[in-house]
Amino acid sequence: MQSSDGKTRDLITSRPGAGWDHNMNRHVYHDLEAKHGPHYTVYNRRFMCVYMDDLPTDEGYWLLRQKAACLHTGEWPIEFRGPDAAKLMDLLFVNNCAKVRPGRCGYGIACFDDGGLLVDGVFLRLAEDRFWYVQADGDFINWARAHAKDMDVTITGTDVNVSQIQGPNAMAILEAAAAGGMPQPFGYFGAAQVDFGGQKVWITRTGYTNELGWEFYTEPHHDPTALWAHLEAAGAEHGLRLFGLDSMNIRRIEAGILNAGSDFDETTTPFDVRLGRFVDFDKPEFIGKEALENAAREPRLHGLRVEGGEPRIGGSVRIGEQTVGRITAAAHSPFLQCGIGYALMQSAAHGPGTEVMVETRDGTFLPGQLNDLPFYDQNAEIPRGKKVDIPERPA
């Protein structure tokens, strides 16, 4: 998937009138974002802010790295409920979902029969027979329903909105906001219900940044205005404010986190894009198992560094005059002070350390190098709270 023409992009703005946006949905915090001058993309038929007029992308990045930032996402929780909920999820996903206990989260990856990737996302096990699967953008709910034949399970889309509070001050904000302080236990990929200003809210210790952080889930019975006012007040002394996806996108690339539909799709297997460690071949059955058992195991997706320019999404990666890969994600990293991205190579023969020529946003090719992922914090110690790493902003 390429990004428009590589030079411009199309975003959502609001204007008076009704009609033609009937299949797109505003999240419950849409009006509260208005004062920041938001610009939206459509994700799961929901609006998600990518940029705010009052917060340049680099400023939002440093907010995330040094204090705390909140993004109201377009992710869509789908509910699986019934005696066969765990059975169905174990069929749909390559991971072992049944072993995840209530009150915990897992990472769910779904493949087609040929091993090509369909979607990924985080799931919450709310009870023995009830899950929320917070899917990335893509057509998944009807796929799940089609494979639920003869199973005692109900699959429904929800009106739950997912928001992320991420950054080194995120846990201090949770401690201040939750009645009784930090829930216990609340380890990495934990889930809990907490009292935010008199409202019971599900939270998970997950995120799209590999910073310290958590997510909260606004349900239809909540008062979102009161909920955000409570969280905003708790976060005021810790620097919390809203930001856009552009700022978060830089950090997720640094962290090696993938985006469904662009970094992987039906033409790539989990092994191609460094997700092979999640495939559980000990399970007796899951969709795509036979194909994955016979698939190549070497990764073809790598990080990409280039000095003096920003890679172009959809652009070419070359060795000499030969195109050997394409760029699936790109940004300028204010911390690493270089262009970064992902390169999906045509062959697994080219790995980290390979010198390449990289197509950049201005159409020129600059020298670059394939990089291991993530770019730093290889063992994900920051989001687990095992390492405090608040970088200084370069002069």
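**Close-up views of backbone features**

**View 1. Pro-374 lies in the segment after strand 19 (365–371).** The model is predicted: local features require pLDDT of at least 70, side-chain atom pairs count only at pLDDT 80 or more, and totals for chains, interfaces and linings use all residues. Residues are numbered from 1 along each chain as its sequence is written, and side-chain values use heavy atoms, with hydrogens and water left out. The peptide bond from Leu-373 to Pro-374 is cis, and its omega is near -5 degrees. Strands (E, at least two residues) and helices (H or I, at least four residues) are DSSP runs, numbered from the N terminus.

**View 2. A cis peptide bond joins Gln-184 to Pro-185.** Omega for this bond is near -5 degrees. Pro-185 is placed in the loop that runs between helix 5 (170–177) and strand 10 (191–196).

**View 3. Arg-45 adopts a positive phi without being a glycine.** The phi value of Arg-45 is about 60 degrees. This residue belongs to the loop between strand 1 (38–43) and strand 2 (46–52). Arg-45 is exposed, its relative accessible area being 52%. The term exposed denotes a relative accessible area over 50%, buried under 20%, and partly exposed in between, computed with a 1.4 Å probe on protein chains only.

**View 4. Asp-150, a residue other than glycine, has a positive phi.** Its phi is near 70 degrees. Asp-150 occurs in the loop between helix 4 (141–146) and strand 8 (154–157). With a relative accessibility of 77%, Asp-150 counts as exposed.
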